[in-house]
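Please keep the sequence and structure in view while reading.

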Amino acid sequence: MRQAIIALLSGALFGGGLALSGMMDPSRVRGFLDIAGHWDPTLAFVMGGATLVMAAAWLVQRRMERPIADTGFSLPGTDLIDRRLTLGAVLFGVGWGLAGLCPGPGIASLAVNPVPAGVFVISMVAGMAIFKAVEK
Amino acid sequence: MIGIAAAIMLLGLGRIAGVSGLAARSIGLSDAGPPRIVAMVFIAGLILGALAFQGVTGPIESTYPPSMGWLIAGGLITGFGTRLGSGCTSGHGVCGMSRLSRRSIVAVVTFIGSGMVTVAIVNLAGGGW
């Protein structure tokens, strides 16, 4: 129960933050990626700001033995750089550039812009399901 | 706000607030991550948070691609790519880069680069919007 409340709070703040920052506007995201055209770098400050806050959180995390509502931290490794990582990132960038949406803003837009966001999210889920089906 | 949200996830639940991973977990397409209900609640929160923001400030400005084809193709490739590469803008971008994860830094540079190349190619082909 405590875990669910924390997840709801985190998710809601995340969704509000995406709405505030302009990440839910595909044309603005496209502008951020349009470096050879009408480049709009402002979204870099959104990512930069969030990254700074998180950097502080990582400093706190190092002093904690366990998180507030679980028995231990479950964090991924940081060093493995393989073809899965780079190929996955290349593909994700292509999808991001085509649609102007990444997973967070796509899902966050479901209630606000149900039809286009729904088309994006259903396609994304299909892509995830295809990956699961072909994963070795 | 995004940073605070990710910090709550890390310090509260000990996990990365990576949307692609939590989305896959919430619909049963991934076995990694928190209990499924926790992922489902996070995803619900994401939707409700944006809706609440709109309720307070009025409509969120957004211009979508001119044709559904962009959203379908972009969605499919995004879904596949984020699972293969184990993360998207939130997990690798906000959470990974801030802990100086080499893996995430490589991922972020790669997907921003490939996104820029993609937009440039679409523009050159006359499909810009």
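Of the 129 residues of chain B, 57% count as buried, where buried means under 20% relative accessible area, exposed over 50% and partly exposed in between (1.4 Å probe, protein chains only). The model is predicted: local features need pLDDT of at least 70, side-chain atom pairs count only at pLDDT 80 or more, and totals for chains, interfaces and linings use all residues. Residues are numbered from 1 along each chain as its sequence is written, chains are lettered from A and ligands numbered from 1 in the order in which they are written, and side-chain values use heavy atoms, with hydrogens and water left out.

## Chain B overall

Chain B has six helices and zero strands. Helices (H or I, at least four residues) and strands (E, at least two) are DSSP runs, numbered from the N terminus. Along the sequence the pattern reads α-α-α-α-α-α. The C-alpha trace of chain B spans about 45 × 40 × 25 Å along its principal axes. Contact here means heavy atoms within 4.5 Å. Among the contacts in chain B with a separation of 6 or more, 38% come from residues 24 or more positions apart.

## Helix packing between the chains

Take α3(A) and α1(B). The crossing of α3(A) and α1(B) is right-handed. A crossing is right-handed if the near helix is turned clockwise from the far one by less than a right angle, and left-handed if anticlockwise. On the α3(A) side, V46(A), A50(A), V53(A), M54(A), A57(A), W58(A), V60(A) and Q61(A) take part. They meet I2(B), G3(B), I4(B), A6(B), A7(B), L10(B) and L11(B) of α1(B). By class, the contact of α3(A) with α1(B) has 13 nonpolar, two polar and no charged residues. Ala, Val, Leu, Ile, Met, Phe, Trp, Tyr, Cys and Pro count as nonpolar, Asp, Glu, Lys and Arg as charged, and the others, Gly among them, as polar.

α1(A) also passes α3(B) in a right-handed crossing. Its contact with α3(B) divides into 14 nonpolar, seven polar and no charged residues.

R30(A), F32(A) and L33(A) meet I112(B), G115(B), M116(B), V119(B), V122(B) and N123(B).

## Selected residues

R28(A) lies in helix α2 of chain A. R28(A) is partly exposed, at 29% relative accessible area. Its side chain makes a polar contact with the side chain of T42(A) at 3.0 Å. A polar contact is a pair of N or O atoms within 3.5 Å; within protein, one must be able to donate a hydrogen and the other to accept it, and residues adjacent in sequence count only if both atoms are side-chain atoms. Beyond its neighbours within four places in sequence, R28(A) is in contact with S21(A), G22(A), D40(A), T42(A) and L43(A).

T78(B) sits in helix α4 (residues 68–84) of chain B. At 0% relative accessibility, T78(B) is buried. Its side chain reaches the backbone oxygen of G74(B) at 2.7 Å. Leaving aside neighbours within four places in sequence, T78(B) is in contact with residues of chain A, including F92(A), W96(A) and F120(A).

Where do the positive phi values fall? S86(B), not a glycine, has a phi of about 55°. S86(B) is in the loop between α4 and α5 (89–98) of chain B, and is partly exposed at 43%. L100(B) has a positive phi near 55°. L100(B) is in the loop between α5 and α6 of chain B, and is exposed at 67%. Most residues other than glycine have a negative phi.
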